[in-house]
Amino acid sequence: MRVAHREFPPVPEAAGDARVFVRETLDQWAVGQSADDAVLLASELVTNAVIHAESPLEVTVRRLQGAVEVVVADRVPERAVPQAGPLSVDTTPSTDNTRNGGLGLALAAAIASSWGVAYSKQDKAVWFRVLDAEDAPEPPLAPPDPVHPPRRRAPRPGPWAALDAALSARLSLPDLLDRTVEYARSALGGDAAYISLATTDETEWEVRAGVGLTDAPWRPFRSRTEETFPSAAPAPGAVINDDLMIARAHRGRLAKAGMRSLVTAPLIVEGRITGLIGVASRRIRHFGDTAARRLQEGADKMALPVERARLAEVELQRRASLSFLAEASDLLTGTLDEPLTAALAAQLTTSRLGDWCAVHIINDLGVTRLAHAVHTNENYNDVLRTLLSTLPPSEQHSPRPLWNREMVAAAGMEDELSLELAESPAISIPLMAHGRELGRMTLGRQADADFTREDVDVANDLARRVASAMENARLYAGQTEMSEALQRSLLPAKEKEPEIPGVDHAVFYRPADERTVVGGDFYDVFATDGRWCFAIGDVCGTGPEAAAVTGLARHTLRALAREGYSPAHIMHRLNLAILDENTSTRFLTMLYGEMTPAGGPGEGMRLRLVSAGHPLPLKLDRKGEVTPVGTSQPLLGAFEDVDFFTETVEVTPGDVLLAVTDGVTERRSETSMLGDEGLTEIFSACNGLTAQAVIVRIDRELEEFAPGGHTDDTAMLVLRFL
């Protein structure tokens, strides 16, 4: 009997080292067909021990008469070996790219002629025996039992039995690929394995899974066809490569990890090569024709299931991209503020497409400024903003670093974070709208990551939506500025309001929620020879046409008042002017009045006024009683043949006169409208207040009655007679 023994540390590399040890030992002993089975089972048992025992391992190989025995022992006997079940595949997702459970015991039960587990105080050992030849008898473990004859050994499963179970388990593509490379490595007795699949457009190849290179971990990366396959024109059939010192793509990575031989086989679906699977070994000329045929057999088994899983993954990614873009559109169209649009675009991008994003804005003068920059790691934000402000990115649609170490060092930013960002892949996409560049959206990833072609396509689509939202925000801002400027021109400037002897007056105006629409409400207070005039009006509707009527009314009113015409005559002339100019049926309600002293100081004021279709003003006396003043007359701009008359009202010191537009009386809560009665109740509690305090009180009461309910323009005029 021959014996070989070796110890291994509890690290992932132990499985590969154990395979090499068992393979070399059996080759020295000239063991034939059973060597492959012994190597496969030893690898699985060592993998289980590393995962579950986490202690130093001892592997012992014995050459018995007609059989080979392998014992895998660990030093934690208190952790019992789980009972072997049927040969199956664990489909539970794993987050650390390791299997949740091994196949060692199940494979031992299926392949070995005998196996078992032995426990002691110091260790536990899992052992198995495989026959050296099909007709070689195995030394009996006990005398034959005539009553219970031994059961007939089940047929030995093929090298791809575990793969067949995985293919029938309907795993997700990442799980399926992880299992596939592990089974391929075990089936061929290799030290490393990887699988590369074609991209969607089949112009590049991406390594999607790998195992066995713990010192240089696999990560998704892409390569061209000539770098992926042994030749520039991929052809069916496995290829053996015993010279891995050529540092190109996958073979270069394998060589750096100490691999010296490689066998690859293409995955073929309907005559089209869709992928490549490779198994590597640290030994030179480790693979022969038998291994190549075996790998091609496995590649043929997995080609169609892998392609189906890949297409399902592509469809899920496409649906996820469409859902993301639809949600992004909803969010972007919900804001009409350009800086907020830039911030929202950056946040959306980092949520799915990159680790950091920056949005630059170009103003109408062609000046570029950084509007927003964000990194998923907050520690990078300040460095990222400094880098983007110092070295603005240029247009770049292909993923590659925006800067290099020399550029960053020349800018005086040689810290570790700046250099890391400089070496990370990024793309910079112009934000175009109607042939004009509004800015630039730049997104990047960590230095060890990359953008797929699908990521770039989604980023370009998102950039178009961001550009459209920014264009809408600029148009809205321009229209808002124009509307606000026009609205200011229709109201008297505060500093030009006259001082009225014996009268404390205050005015109030608040537009509706829609900032881009010019309101139809207005007020005016001005002085003429010996008279002080006031007006408050409301044009039917809003917008430019209403503004035109407002401007016509305000300027006509002032011109006629300065000519000394009576209020009734002014209303008559203004009515004709509106009818002459107005072709869109815009009506106007207006309260116009003039104030003159009624006598000596402290004797009150005499008011001459006309209320042309406008809500009648309210008078609050010193007793707290509220009464309407005047008579309602026809509105302006509706009829040509209409007469107006002037009413005279005497007010005494202490009286307060309030005039409002219908935006006050028609203020609505969820259940009711304020109305004239509601306004009267509020106004009656304003006795003793200044004119400005009256407006503040009414405005506060309106907000309490209907919070945020100013959906119509609101204007108020208060005259308090001292």
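A colleague's questions about this predicted model are answered in turn below.

Colleague: What kind of model is this, and what pLDDT do local features need?
Modeller: Residues are numbered from 1 along each chain as its sequence is written, and side-chain values use heavy atoms, with hydrogens and water left out. This is a predicted model in which totals for chains, interfaces and linings use all residues, side-chain atom pairs count only at pLDDT 80 or more, and local features need pLDDT of at least 70.

Colleague: Is strand β12 buried or exposed?
Modeller: Buried means under 20% relative accessible area, exposed over 50%, and partly exposed in between (1.4 Å probe, protein chains only). Strands (E, at least two residues) and helices (H or I, at least four) are DSSP runs, numbered from the N terminus. β12 covers residues 356-362, and seven of its seven residues fall under the cut-off, so the strand is largely enclosed by the rest of the structure. The strand is buried.

Colleague: Which residues cover the two faces of β12?
Modeller: In a regular strand the side chains alternate between the two faces of the sheet. In β12, one side holds Trp356, Ala358, His360 and Ile362, all buried.

Colleague: Which residue in β13 is the bridge partner of Ile362?
Modeller: Two strands pair if DSSP finds at least two bridges between them. β12 and β13 (residues 368-375) run antiparallel and are joined by seven bridges. They form a hairpin with five residues between them, where Gly366 in the turn has a positive phi of about 85°. The partner of Ile362 is Thr368.

Colleague: And in β16, which residue is the bridge partner of Val359?
Modeller: β16 spans residues 436-444. It pairs with β12 in the antiparallel sense, over six bridges. The partner of Val359 is Met441.

Colleague: How many residues of strand β10 are buried?
Modeller: β10 runs over residues 261-269 and is mostly covered. Of its nine residues, the buried ones number eight.

Colleague: Which residue in β11 stands opposite Thr264?
Modeller: Thr264 is in β10, where Val239 stands opposite it. Val239 belongs with β9 (residues 239-241), which pairs with β10 in the antiparallel sense over three bridges. β10 also pairs with β11 (residues 272-281), again antiparallel, over nine bridges. There, the residue opposite Thr264 is Gly278.

Colleague: Which residue takes a positive phi in the hairpin of β10 and β11?
Modeller: The hairpin has two residues between the strands. The phi in question is near 50°. The residue is Glu270.

Colleague: How many salt bridges does a search of the whole structure find?
Modeller: Side chains of opposite charge can pair when their charged atoms come close. A salt bridge here is a side-chain nitrogen of Lys or Arg within 4 Å of a carboxyl oxygen of Asp or Glu. The search finds 34.

Colleague: Which residue is linked with Glu58 and Arg75 in a network of salt bridges?
Modeller: Glu58 and Arg75 meet at 3.8 Å, N to O. The pair links distant parts of the chain, 17 residues apart: Glu58 in β2 (residues 57-64), Arg75 in the loop between β3 (67-74) and α3 (104-111). Glu58 is partly exposed at 23%, and Arg75 is partly exposed at 42%. The network also includes Glu7.

Colleague: How far apart are the closest N and O atoms of Asp524 and Arg554?
Modeller: These two form a salt bridge. It links distant parts of the chain: Asp524 in strand β18 (residues 521-528) and Arg554 in helix α14 (residues 544-562), 30 residues apart. Both are buried. The distance is 3.5 Å.

Colleague: What is the C-alpha separation of Ala309 and Leu177?
Modeller: Ala309 lies in helix α8 (residues 289-333). Ala309 is buried, at 14%. Leu177 is 132 residues away along the chain, and the C-alpha atoms are separated by 9.8 Å.
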